[in-house]
Amino acid sequence: MPTLRNVPFEVLQNIAIKTIEEGYRGPPHSIFNLLLTCRSIYDSLSFDANPFFYADVYDLQFDTAAQERRYTLERLTPVHRAFELKRRWTLLGEIKCITERVLCTGRNQISGLTDCDGCSISDPIDQGFQIWGNPSINMVGTYTYEEKLSHAWLAFMMLTESDGRNWRQLSWARIIEWIRLFMWYDIDKVTRQAQTTGLLPPANELRAVGMWLWWLSLRYEGIVKESAAAHGAVNRMLRPFAFASFRYSFFYAPWSSSRLPDADNVLNYFPGATLGGPLFANPIPHNQTITLPFYLGSPLQISPPHICHAAALLFFARMQRYPLGQAEWLPIDMQMLQQARRLYGQLHPYTPNHATINYPTVIDSREYDDDVLRMLSCRDPTRVRAPQTRPKYHYVPGSFIGEWEGRFVNYGLIANQNIGAGHPAPLHAMEAEPLTQDIQAWALREFHHPSTLNGRLKRQYDRFLRDEYSNGFANYEPGTRRQWSPPSHKRPPPQKRSSDVFNAFLPSPLERRLVGGGVEVTAPGSPQLPIFYVEVKRGADGRPWIGRDDMGPLLQMEQDDEGADDDEMNMDDMREESDEEKDLDDRLDIIVEGEAIPRMRAFPYETSSLMEVGSIIYGTVRKWDGLVSLRAFPVDDPSLQVSWLYRGYLGSNGNWIGRSRDTWTDDIAREGYEGVFIMARRSY
């Protein structure tokens with residue numbers, strides 16, 4: 001008589017897998033029920049006896065593509081994945097339990113906490129903190145900081161790795177409600193206290209991760225459905241974290257550090273720096289590493305995300321929830337809202353056409369690769385990384401090429417002066433003046449030093465040299481023809497002067513001249529021949545290439561024949577720099593330049609922009625973490641005495657987020673008159 005004992009082992013595994021079909025939400029309880037049927041099945045499929053089976057369950061229930069791109073195979077073994085499955089369902093169950101207990105306890109006080117509109121915010125309640133703080137996982141004591149932190153990190157890692165499956169399981173755990181409760185009962189609590197004292201609210205690791213969860217779960221439909229009271233309360237919560245650059249960290253290493261890693265005391269090069277003070281900006285690199293106790297089988301070293309990045313994204317999204325000039329009391333465009341609801345039901349992010357910011361996605365983990373790799377590999381600017389170390393952030397050539405448009409927001413100049421003079425209540429000083437806004441549009445180009453090119457771009461550059469200079473042009477001197485010689489591949493010497501730091505790290509004075517296929521740079525201390533930088537272009541598919549414009553189709557065919565682009569995210573093919581190159585400034589590997597272009601959007605009452613059409617923009621990219629520094633000269637100042645410095649990162653979902661500052665404050669250890677900007681690449 002056939003029994004389950006006679007069923008082959010492989011068939012038993014397939015039966016168990018079939019109980020967890022595609023789209024299954026929640027823990028694999030059906031497998032647990034199957035284990036109770038008989039001893040032979042238990043001996044074959046129990047966790048201790050068969051971790052390889054549970055690794056397959058992990059692959060079926062959670063997304064793994066991002067992990068395969070970001071981590072080594074040693075971390076992704078079947079045993080590690082099996083233990084990660086067990087850990088995740090334990091923590092997800094705790095999140096669900098805590099959330100439901102809070103909602104059940106505060107049923108009469110909490111309203112509007114549904115998961116149909118993304119992470120919008122319901123009206124605050126005074127009793128919330130007591131409800132949030134009392135329940136614990138074990139029904140005894142309080143919901144501790146460590147428990148909240150472990151839950152927040154799990155949700156953050158899952159969201160940044162989500163290609164759809166992770167979001168499905170987080171929805172089962174009611175993560176939307178958990179995030180909303182955390183915002184009201186933690187962020188709102190500290191900002192209310194700050195309003196009383198006038199001091200800026202403190203930031204910590206938990207608030208940084210929680211703020212990012214808020215952004216990652218944001219949906220446009222939720223924003224436009226916020227009540228007026230909730231909208232004002234949210235702006236109050238976000239404003240200090242978004243704009244107080246003198247209080248919260250914005251960069252993975254000080255923006256004034258040009259060569260990283262660098263354990264040297266940067267103050268040796270800038271003896272005039274002012275240490276301390278209300279607007280003190282520490283120019284000395286320091287280690288930001290924290291350790292997650294367990295992730296995929298072993299501890300994981302990472303730096304916390306920057307709270308001000310997420311706060312700025314949330315703040316700007318709310319500023320742009322309506323088209324420019326539309327009064328907020330006008331009816332919502334229901335057709336637009338229905339489109340947002342339809343796309344959200346398919347897990348596609350919806351961004352309204354009037355916005356210059358891209359909303360987050362939960363179905364494409366590639367959008368978060370750069371941000372997560374910065375957190376993993378750019379956490380310690382004082383330590384040299386091994387060339388083949390993974391994970392490792394890798395700047396993708398061509399990232400800043402194209403037309404950009406965005407919004408630039410500053411708090412008042414008088415408020416900045418009052419804070420610098422030691423105002424006892426900096427938060428009250430910031431809120432005493434209205435925010436000033438400006439919309440700008442730029443067109444940018446990228447030029448790379450040939451010695452830094454790798455893989456496909458290096459092959460294309462070699463072909464470009466053969467084709468472009470085989471006719472005898474040498475040294476690019478007008479009116480002369482000499483025996484052919486390749487362009488100079490020496491780089492300018494590293495600069496350690498304050499004037500060059502505020503010149504976006506380009507030596508001053510600097511002569512630039514556009515030539516065929518690139519730009520010539522002549523700088524102080526450089527060789528007699530100009531230094532050649534080749535222009536990297538961006539194809540229709542977003543991948544970079546080098547060559548004449550008429551070579552684009554040919555290079556596309558070559559790209560398709562050669563397979564995947566080996567310049568993007570290829571961690572195993574990173575060339576080790578020579579000792580001579582390590583002594584050079586990697587800020588001088590990439591030059592970005594461009595100009596202001598006509599805007600597609602403008603405020604109805606606005607007659608001009610700070611950067612009118614034709615304004616000059618140039619700068620460099622710090623390849624260590626992808627920080628771009630640009631100096632901008634408004635066209636209405638022919639003497640070029642007034643300029644602005646823009647520094648920022650191209651982050652997730654194509655949002656370029658950064659800080660602007662004046663250049664008349666030439667002290668690297670002191671914040672100037674600063675603002676925040678977020679730009680996105682134009683889509684036609």
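**View 1. Contacts of Ser162 in the predicted model.** Apart from neighbours within four places in sequence, Ser162 is in contact with Asp63, Trp167, Val362, Ile363, Asp364 and Ser365. Contact means heavy atoms within 4.5 Å. This is a predicted model: local features need pLDDT of at least 70, side-chain atom pairs count only at pLDDT 80 or more, and totals for chains, interfaces and linings use all residues. Residues are numbered from 1 along each chain as its sequence is written, and side-chain values use heavy atoms, with hydrogens and water left out. Ser162 sits in the loop between helix H8 (145-160) and helix H9 (165-172). Helices (H or I, at least four residues) and strands (E, at least two) are DSSP runs, numbered from the N terminus. Ser162 has 0% relative accessibility, so the residue counts as buried. Buried means under 20% relative accessible area, exposed over 50%, and partly exposed in between (1.4 Å probe, protein chains only). Ala66 lies 96 residues from Ser162 along the chain, with 7.9 Å between their C-alpha atoms.

View 2. Glu84 belongs to helix H6 (residues 78-105). The residue is buried because its relative accessibility is 0%. Setting aside residues up to four places away in sequence, Glu84 touches Tyr58, Phe294, Tyr295 and Leu296. A network of salt bridges links Glu84, Arg87, Arg88 and Glu161. A salt bridge is a side-chain nitrogen of Lys or Arg within 4 Å of a carboxyl oxygen of Asp or Glu. Side chains of opposite charge can pair when their charged atoms come close. The whole structure holds 24 salt bridges.

**View 3. Packing of helix H10 on helix H13.** Helix H10 (residues 175-197) and helix H13 (residues 228-243) pack at about 70 degrees, their axes 10 Å apart. H10 is therefore roughly perpendicular to H13. Axes are lines fitted to C-alpha atoms, for helices over the stretch in contact, and angles run from 0 to 180 degrees between N-to-C directions. Angles under 35 degrees count as roughly parallel, over 145 as roughly antiparallel, 65 to 115 as roughly perpendicular and the rest as oblique. From H10 come Met183, Trp184, Ile187, Asp188, Thr191, Arg192 and Gln195; they meet Ala233, Arg236, Met237 and Phe241 of H13. The residues of this contact comprise six nonpolar, two polar and three charged. Ala, Val, Leu, Ile, Met, Phe, Trp, Tyr, Cys and Pro count as nonpolar, Asp, Glu, Lys and Arg as charged, and the others, Gly among them, as polar.

**View 4. The Arg192 and Asp188 pair in H10.** Arg192 forms a salt bridge with Asp188, with 2.7 Å between the closest N and O atoms. Both residues lie in helix H10, four residues apart, about one turn of the helix. Asp188 is buried at 4% relative accessibility. Arg192 is partly exposed, at 38%.

**View 5. The Arg39 and Asp43 pair in H3.** A salt bridge joins the side chains of Arg39 and Asp43 (3.7 Å, N to O). Helix H3 (residues 39-45) holds both, four residues apart, about one turn of the helix. Arg39 is exposed, with a relative accessible area of 57%. Asp43 is partly exposed, at 44%.

**View 6. The Glu674 and Arg647 pair between two strands.** The side chains of Glu674 and Arg647 form a salt bridge (3.2 Å, N to O). Distant parts of the chain are linked here: Glu674 is in strand S14 (residues 674-681) and Arg647 in strand S12 (residues 644-650), 27 residues apart. Glu674 is buried at 1% relative accessible area. Arg647 is buried at 0%.
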